[in-house]
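Student: Please help me learn to read a structure feature by feature. I would like the general idea each time, then the case in hand.

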Amino acid sequence: MYKYERIIYWSEIDNKFIVEVPELAGCMADGETIEIALKNADLVISEWIETAREIGREIPEPKGKLMYA
């Protein structure tokens, strides 16, 4: 499992849960349930990284939780 931040929300338009991975430009997935959406996000993240390697794009390190007030 990848340790990139994921933002999950419900889309009324799509009638699905959407998962965005903000650290990986354009990386998004969806699903009928949160679990399916997260599973699909893991697949899309691995495909994003594989494609980035193939084309020589920089792959950002996961930032983790920011600690500030």
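Student: Let me begin with strand pairing: in β3, which residue is the bridge partner of E20?

Tutor: Good place to start! Two strands pair if DSSP finds at least two bridges between them, and strands (E, at least two residues) and helices (H or I, at least four) are DSSP runs, numbered from the N terminus. Here E20 is bridged to M28 in β3, and I18 has D30 as its partner in that strand. In total, 4 bridges join β2 (residues 16–20) to β3, and the two run antiparallel.

Before we go on, note that this is a predicted model: local features need pLDDT of at least 70 and side-chain atom pairs count only at pLDDT 80 or more, while totals for chains, interfaces and linings use all residues. Residues are numbered from 1 along each chain as its sequence is written, and side-chain values use heavy atoms, with hydrogens and water left out.

Student: How many bridges join β1 to β2?

Tutor: There are 5, and these strands also run antiparallel. I18 turns up again here, as the β2 partner of Y9. In the hairpin of β1 and β2, 4 residues lie between the strands, and N15 takes a positive phi near 60°.

Student: In what order do the strands of the open sheet come?

Tutor: The order is β1-β2-β3, with antiparallel pairing. β1 (7–11) and β3 (28–31) are the edge strands; each has a single partner, so one side of each lacks a neighbour in the sheet. From one strand to the next, the twist averages 25°; for such angles, axes are lines fitted to C-alpha atoms (for helices, over the stretch in contact), and values run from 0 to 180 degrees between N-to-C directions.

Student: Which strands does helix α1 lie across?

Tutor: Helix α1 (residues 34–55) lies across β1, β2 and β3, at about 150° to β3. Its buried residues pack against β2 and β3, where contact means heavy atoms within 4.5 Å. In β3, A29 and G31 form the covered face, while M28 and D30 form the uncovered one.

Student: Which residues in α1 are buried?

Tutor: Buried means under 20% relative accessible area, exposed over 50%, and partly exposed in between (1.4 Å probe, protein chains only). In α1, A37, A41, I45, W48, I49 and A52 are buried. Seen down the helix axis, they fall within an arc of 115° (taken from the directions from the axis to the C-beta atoms), so they line one face of α1. On the other side, E35, K39, R53 and E54 are exposed.

Student: And is I13 buried or exposed?

Tutor: I13 is exposed, because its relative accessible area is 82%. Its place is in the loop between β1 and β2.

Student: How many aromatic pairs does a search of the whole structure find?

Tutor: The search finds 1. W10 and F17 form an edge-to-face pair, 4.8 Å centre to centre with 70° between the planes. Rings of Phe, Tyr and Trp (its six-membered ring) pair if their centres lie within 6.5 Å; planes under 30 degrees apart count as stacked, over 60 as edge-to-face and the rest as tilted. W10 counts as partly exposed because its relative accessibility is 36%.
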